[in-house]
Amino acid sequence: MLDREGFRPNVGIILLNQRNQVFWGKRIRSHSWQFPQGGIDRGETPEQAMYRELHEEVGLMPEHVSIVARTRDWLRYEVPDRFIRRDARGHYKGQKQIWYLLRLVAQDWNLNLRATSHPEFDAWRWHDYWVPLDVVVEFKRGVYEMALTELARYLPRNDHRNRYLRGNSRARAWDDGEMPSPMGQQQMELPPGASFDPHPQGSGPFTDTQPSLNKLA
């Protein structure tokens, strides 16, 4: 389902834990990390699509989360031709997304990357809100920055990051009510408590690094 400009309606999900850290998933068979996202099916509202994608990609149900905020309007990104199936070139241009900021109100052991037979991620971790954009596929970086910046104002004020960032300039700005700006580069290593499955169901060998149109949904 494309609009008249060639953009597919889509939702993106920024999932917070109680420390205002975000769910950060490693795309299956690739070295890129991203937030959960997916296409809006015909007849679905953005909110309905968000809950469906939340379950399909990370195994959570509506009762496991609360909605904190969403972007006011569509945020768009274009997909380079080399990532688009040949039969879709000339018709498909990219994604237009409504982004949701969610709060996890359940325990994180409810997260399940194998909720379906076609997992999107093979690893996940909790990460500081300002995720490192250099590990996001390049053509999505601009929309990530726009979504994070717009939704940052809705972060709950009990931001526990200040406990370990005390003395850091970003922490002082946050305490003074200023919106922090996107992040310095950080090395992506799985910490204790993160989850990694090197061979998720149906994945096969890690050889496919070129996402198709369906994978970009």
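These are my notebook entries on a predicted model of one chain.

**Ground rules.** I number residues from 1 along each chain as its sequence is written, and side-chain values use heavy atoms, with hydrogens and water left out. Because the model is predicted, local features need pLDDT of at least 70 and side-chain atom pairs count only at pLDDT 80 or more, while totals for chains, interfaces and linings use all residues.

**Whole chain.** I looked up the secondary structure and found four helices and nine strands (DSSP runs numbered from the N terminus: helices are H or I with at least four residues, strands are E with at least two). From the N terminus on, I read the order as β-β-β-β-α-β-β-β-β-α-α-α-β. Of the 217 residues, 48% count as buried (under 20% relative accessible area, with exposed over 50% and partly exposed in between; 1.4 Å probe, protein chains only). I also checked contacts (heavy atoms within 4.5 Å): of those with a separation of 6 or more, 76% are between residues 24 or more positions apart.

**Aromatic pairs.** I found 11 aromatic pairs (rings of Phe, Tyr and Trp, the last by its six-membered ring, with centres within 6.5 Å; planes under 30 degrees apart are stacked, over 60 edge-to-face, the rest tilted). I looked at F83 and F139: their ring centres are 5.2 Å apart and their planes stand at 50°, so I noted the pair as tilted. This pair links distant parts of the chain, 56 residues apart. F83 is in the loop between strand 6 (75-78) and strand 7 (94-104), and F139 is in the loop between strand 8 (121-127) and helix 2 (141-152). Both F83 and F139 are buried. Next I took Y129 and W130, an edge-to-face pair with 5.1 Å centre to centre and 85° between the planes. Y129 and W130 are both buried. I also noted one aromatic cluster formed by F23, F121, W124 and W126.

**Charges over rings.** I looked for NZ of Lys or CZ of Arg within 6 Å of a ring centre and within 35 degrees of the ring normal. R76 lies over the face of F7, 5.8 Å from the ring centre. The charged end of K96 sits over the ring of W74, at 4.8 Å from its centre.

**Q97.** I found Q97 in strand 7. With a relative accessible area of 0%, Q97 is buried. Leaving aside neighbours within four places in sequence, Q97 is in contact with residues including N10, Q37, W74 and V143. I also noted a polar contact of 2.9 Å between the side chains of Q97 and W99 (a pair of N or O atoms within 3.5 Å; within protein, one must be able to donate a hydrogen and the other to accept it, and residues adjacent in sequence count only if both atoms are side-chain atoms).
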